[in-house]
Amino acid sequence: MKEKRGIIITGAIVGIISVLLVKFGNPKNMGFCIACFIRDIAGGIGLHRAPIVQYIRPEVIGLALGAFIISMKNREFQAKGGSSPFTRFILGIVVMIGALVFLGCPLRMVLRLAGGDLNAILGIVGFAVGIYIGVFFLNKGFSLKRNYTLPDFEGYLFPIVNLGLFVLLISGFSMLFFSEEGPGSMHAPVWISLIAGLIVGALAQRTRLCMVGGIRDMILFRDGYLISGFLAIFVFALIGNLIFGYFNLGFAEQPVAHTDGVWNFLGMVLAGWGSVLLGGCPLRQLILAGEGNGDSAVTVMGYLVGAAIAHNFGLASSTAGASDYGKISVFILLAIILVISILNSETLADKKALGKSSSN
């Protein structure tokens, strides 16, 4: 019960902070969005040139550094990696593109619903379906194989890179890109954003907060520990939105969202399925990377590249809906993730090998 109380309190704090970040300048229903913020960072360092989504988001930096600091304090930092790194990189790309077809990560999906955006319901259903498919393959023996202990410096690199990026941001480094309009131009003050990220990063590290893990554990074990954190995020973000007048119930005219229901659903099927195979949602991967997990750091790099691909090739949705290229990409990526799932599932791979041997 003490642990359950802890994650509920964490969810409450995350929900409150998310609404306060909107009050301080972040886009509505986007106090925190890992996918959107990594996309903005990709634009900020010039990996894509979509002018309305370019900014170095201190919240993401704070998440990684908060997890690093608290894991070091509690002696939980452990440098490790080597678990199918390139497969994880590809899955990171897949998850990011799916999220940008929907226009949000699992955390923003909950925040959108708390703001009255009913399009998020289709995203949540798609996300749950994707997780269910992923769980099916877990039950068939899916594994990206074990990781290995690495030198501590390998684990320090991800926090160091984030710290360096923050230094570039506050120094006004001239080679960075900053949006002058659109979502990228809307942001809370730098230090407020960083502190918010540090708090959420530390709390998420202690409680293992993860939307994917919550739904997965409910399916596999009927364990409501992790999902209770996201229910708390929803409740307290809803209360905050009502207090500040941000709540707007409906499908149409929602901030940084579209009403294309099929693609809201399918985009989050991709994100949910890929996240189960990776072992956590984008928020969880950032936290793990801050703890020294090199596999999660590779996954985050996959997110970054996926965001660049999504905007350079017109795969990301806009408020007008999913693009034609984005729709095609969803089907291609569903096929790719199916192949990855089958070939890394012990039971299915054994059946395939047995079929080949019997035919010979």
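Helix axes are here lines fitted to C-alpha atoms over the stretch in contact, and the angle between two of them runs from 0 to 180 degrees between N-to-C directions. The model to which this is applied is a predicted one.

In these terms, helix α4 (residues 85-102) packs against helix α14 (residues 324-343) at an angle of about 145 degrees, and the two axes lie 10 Å apart. Their crossing is left-handed. On the side of α4, the contact is formed by T87, I90, L91, V94, I97 and V101; α14 contributes G326, S329, V330, L333, I336, I337 and I340. By class, the contact residues comprise 10 nonpolar, three polar and no charged. In general, residues three or four places apart point the same way, because an α-helix has 3.6 residues a turn.

The loop between β1 (80-81) and α4 contains S84. This serine has a positive phi of about 45 degrees although it is not a glycine. Most residues other than glycine have a negative phi. K145 is another non-glycine residue with a positive phi, near 70 degrees, and its place is in the loop between α6 (119-139) and β2 (148-149). K145 counts as exposed because its relative accessibility is 54%, where exposed means over 50%.

Helix α10 (residues 225-244) has 20 residues and spans 30 Å from its first C-alpha to its last, close to the 28 Å expected at 1.5 Å a residue. Its buried residues include Y225, L226, I227, F230, I233, A237 and N241. After α10 comes G245, with a positive phi near 80 degrees.

Notes. Residues are numbered from 1 along each chain as its sequence is written. This is a predicted model: local features need pLDDT of at least 70, side-chain atom pairs count only at pLDDT 80 or more; totals for chains, interfaces and linings use all residues. Side-chain values use heavy atoms; hydrogens and water are left out. Helices (H or I, at least four residues) and strands (E, at least two) are DSSP runs, numbered from the N terminus. The expected span of a helix is 1.5 Å times one less than its number of residues. Buried means under 20% relative accessible area, exposed over 50%, partly exposed in between (1.4 Å probe, protein chains only). A crossing is left-handed if the near helix is turned anticlockwise from the far one by less than a right angle, and right-handed if clockwise. Contact means heavy atoms within 4.5 Å. Ala, Val, Leu, Ile, Met, Phe, Trp, Tyr, Cys and Pro count as nonpolar, Asp, Glu, Lys and Arg as charged, and the others, Gly among them, as polar.
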